[in-house]
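Q: Could you take me on a close look at one part of this protein, the sheet with the helix lying across it, and then show me how the ligand is held in its surroundings? I am new to reading structures, so please go step by step.

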Amino acid sequence: MTKKTYDFAVVGAGVFGAWTAYFLRQSGASVALLDAYGPANSRASSGGETRVIRMGYGPDELYTRWAMRSLPLWREFAARTGREREELKAEEIARRWPQLRFHDVTWGVVEPASGLLLARDAVQTLVKELVKGSVEYIPFSADAPSVSDGKLKAIQSGGESVSAGTFVFCCGPWLPKIFPELLGERIFPTRQEVFFLGAPSGSADFGPPKMPVWLHRTHADLPYALPDIEGRGFKIAFDRHGERFDPDTGSRVVGESSIARLRDYLRQHIPQLEHAPVLETRVCQYENTWNGDFLIDRHPQFENVWIAGGGSGHGFKHGPALGEYLSGRILHGAPGEPRFSLSAKLTAQNRAVY
Ligand SMILES: Cc1cc2nc3c(=O)[nH]c(=O)nc-3n(C[C@H](O)[C@H](O)[C@H](O)COP(=O)(O)OP(=O)(O)OC[C@H]3O[C@@H](n4cnc5c(N)ncnc54)[C@H](O)[C@@H]3O)c2cc1C
């Protein structure tokens, strides 16, 4: 283990940590990026194949602005690393997508410039790019820091340590374990199930360009789906909070009752897939704040420790804007958005941002 003292140590190489490391490094500072399980690993919230990027956030214009800021940064990144994809075109719902039966929908919004991000691949590629740009990636499982003199000098892991001037903890659903007193009741990791279905043989109905990314707001639920990308299957999930979940040890096996619920939805809305084979399932976790606003703030007891998390099931797309915002706060003392502050985080769940 190196004995160097970095300007910045970013703990957590998910989408928030990787983009924060990217912007800190742009300033010329020395940056270490650490992760206990690897960039966008299978336990991490950023470890899924794909994530939706959309601009629509209802009244929460702040997140629309952030998604609009993130999209060109994702595109620049994709162009730089040769990972650009064809856009999904938009037309009128029922005519364009006869394979979907949204009889309960009276209107929809099409975002021709939005679509999906190849999540795991993007974060892992970004971290490789960071390493080429002299960010040091270190496999390291940081112990919870103990509060001493108001300044954190080093983080520890089984006798090893990493020293830095400033620490940024981007540990997603692990944040309540690292800061139990501060965040134990402010970030709620919940179990989320995702299904990949096999389309009928010879059918092109469930891949691009015939199938878009879509979200369906029903009275009871928020199903969303992504087309079959790279032959992995048509992805569908329900954006409702599951039970509390441990990101280290929680079971990632899907229950039969969840599959029955899924089949009920398919029967009503995507009849071609009612009996489709489940090719793959994933159990991931959201790391919810009380209302869905991100947490991006300085630790109240350490002047040189920052925390970024609380992606709350919608954070991935915002990675670039978050990295830019946080590095601006740290490097230039840019003003903070009150909605992201620790003091705005309540302890009773009442979801408001979708
Ligand atoms: C099923 C599902 C669907 C989603 N869909 C969307 C979507 O469509 N669009 C969208 O924008 N967002 C979506 N999200 C949300 C988005 O994926 C998350 O908000 C985002 O990935 C959070 O990133 P993160 O970097 O904060 O956390 P993570 O990706 O979890 O990264 C945290 C990292 O910290 C590391 N770590 C933890 N503890 C330590 C430690 N002590 N020492 C060192 N390293 C540590 C972990 O190994 C991990 O790699 C979805 C999430 C899920 C689960």
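A: Let's start with helix α7, residues 256–269, which in this predicted model lies across the strands β8, β9, β10, β11 and β12. Its direction makes an angle of about 55 degrees with β8, the strand of residues 188–197.

Now look at the sheet itself. Five strands build an open sheet with antiparallel pairing, and if you trace across it you meet them in the order β9-β10-β11-β8-β12. The two edges are taken by β9 (214–215) and β12, and each of these has a single partner strand, so one side of each is left without a neighbour in the sheet.

Strand β9 pairs with β10, residues 223–226, in the antiparallel sense over two bridges. You can find tryptophan 214 standing opposite alanine 225 of β10.

How many residues surround the ligand? There are 36, and the closest are Asp35, Ser45, Ser46, Val52 and Lys317.

The side chain of aspartate 35 has an N or O atom 2.6 Å from a ligand oxygen, and the side chain of asparagine 41 has one at 3.1 Å. Glycine 315 takes part through its backbone, where an N or O atom lies 3.3 Å from a ligand oxygen. The ligand on its own has 1000 Å² of accessible area, and the protein covers 98% of it.

One last stop is alanine 40, found in the loop between β2 (31–35) and β3. Its phi is near 45 degrees, a positive value in a residue other than glycine.

Note on methods
Residues numbered from 1 in each chain as written. Predicted model: local features only at pLDDT ≥ 70, side-chain atom pairs only at ≥ 80, totals over all residues. Heavy atoms only, no water. Near = heavy atom within 4 Å. Polar contact = N/O pair within 3.5 Å; in protein donor to acceptor, adjacent residues only side chain to side chain. Areas by Shrake-Rupley, 256 points an atom, 1.4 Å probe, with all protein chains shown as cover. Pairing = 2+ DSSP bridges. Helix = DSSP H or I, 4+ residues; strand = E, 2+ residues; numbered from the N terminus. Contact = heavy atoms within 4.5 Å. Axes fitted to C-alpha atoms, helices over the stretch in contact; angles between N-to-C directions.
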